[in-house]
Amino acid sequence: MRLLHTMLRVGNLDRSLMFYTETLGMRLLRRKDYPEGRFTLAFVGYQDEADGAVIELTHNWDTDRYEIGTGYGHIAIEVEDAYDTCATIKSRGGLVVREAGPMKHGSTVIAFVEDPDGYKIELIQRAGRAD
């Protein structure tokens, strides 16, 4: 068994694709419209689906906004340098909601960004990297 993908419902697919591809540097792996069901699925990731887990962005054509709820936590992405990654994300118009720095009660360097729909993405600096 292996983890395939995490699905997020998004209100504006073009805006979300721009964030995940241009701001976070993922690739659009595949996209398919389902006119009879009035929805589109788009899969984004850093590697091919055969090689690792990806994110499925689901856009229901008649819904432009979702409530995230209290059960959702975040998606985590390993980065080489959390400080540089935050600077890059900000320069691309992304929203950093927790600047890079050591986690509370620990030494792992983390940061949090938010996508256009309000989903949190944690950036975790690769272990062993000096600050």
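The structure is a predicted model. The protein contains 2 helices and 8 strands. A UniProt record (unreviewed entry) places the feature "domain: VOC" at residues 2–126.

**Overall fold**

- Starting at the N terminus, the order of elements is β-α-β-β-β-β-α-β-β-β.
- The radius of gyration is 15 Å, close to the 14 Å that the globule rule gives for 131 residues, so the protein is as compact as a globular protein of that length.
- Along the principal axes, the C-alpha atoms fill a box of roughly 50 × 30 × 30 Å.
- Of the 131 residues, 37% are buried.
- Take the contacts between residues at least 6 apart in sequence: 48% of them join residues at least 24 apart.
- The span 2–126 is 17% helix and 42% strand. Its end C-alpha atoms are 22 Å apart.

**Helix α1**

- Asn-12 caps the N-terminal end of α1. One of its side-chain oxygens lies 3.2 Å from the backbone nitrogen of Asp-14.
- Leu-13, Ser-16, Leu-17, Phe-19, Tyr-20 and Thr-23 are the buried residues of this helix.
- Gly-25 follows α1 and has a positive phi, near 80 degrees.

**Helix α2**

- α2 covers residues 82–91. Ala-82, Cys-86 and Ile-89 are buried in this helix.
- Viewed down the axis of α2, the buried residues fall within an arc of 65 degrees, so they line one face of the helix.
- What covers these buried residues includes α1, β5, β6, β7 and β8.
- At the start of α2, a side-chain oxygen of Asp-81 comes to within 2.9 Å of the backbone nitrogen of Tyr-83.
- Just after α2 comes Gly-93, with a positive phi of about 90 degrees.

**The nonpolar core**

- In soluble globular proteins, nonpolar side chains tend to be buried together.
- Here, the largest nonpolar core holds 26 residues. Tyr-20, Leu-24, Ile-55, Leu-57, Val-113, Ile-121 and Leu-123 have the most contacts inside this core.
- Both helices take part: α1, β3, β4, β5, α2, β6, β7 and β8 each supply at least two core residues.
- α1 gives the most to the core, with 4 residues.
- Which residues does Ile-55 touch, not counting those up to four places away in sequence? They are Thr-6, Leu-8, Tyr-20, Met-26, Ala-42, Phe-43, Val-44 and Ile-75.

**Glu-122, the annotated site**

- The UniProt annotation "active site" (unreviewed entry) covers Glu-122. Glu-122 sits in strand β8.
- Is Glu-122 buried or exposed? The cut-off for buried is under 20% relative accessible area. Glu-122 has a relative accessible area of 11%, so Glu-122 is buried.
- Leaving aside neighbours within four places in sequence, Glu-122 is in contact with His-74, Ile-75, Ala-76, Ile-77, Ile-110, Ala-111 and Phe-112.
- With His-74, the contact is also polar: the two side chains meet at 2.8 Å.

How values were computed. Residues are numbered from 1 along each chain as its sequence is written. This is a predicted model: local features need pLDDT of at least 70, side-chain atom pairs count only at pLDDT 80 or more; totals for chains, interfaces and linings use all residues. Side-chain values use heavy atoms; hydrogens and water are left out. Buried means under 20% relative accessible area, exposed over 50%, partly exposed in between (1.4 Å probe, protein chains only). The arc is that of the directions from the helix axis to the C-beta atoms. Contact means heavy atoms within 4.5 Å. A polar contact is a pair of N or O atoms within 3.5 Å; within protein, one must be able to donate a hydrogen and the other to accept it, and residues adjacent in sequence count only if both atoms are side-chain atoms. A nonpolar core is a set of buried Ala, Val, Leu, Ile, Met, Phe, Trp, Tyr and Cys residues joined through side-chain atoms within 4.5 Å. UniProt positions are given in the numbering used here, feature names are shortened, and annotations may be inferred rather than shown by experiment. The radius of gyration is taken over C-alpha atoms; the globule rule is 2.2 Å times the number of residues to the power 0.38.
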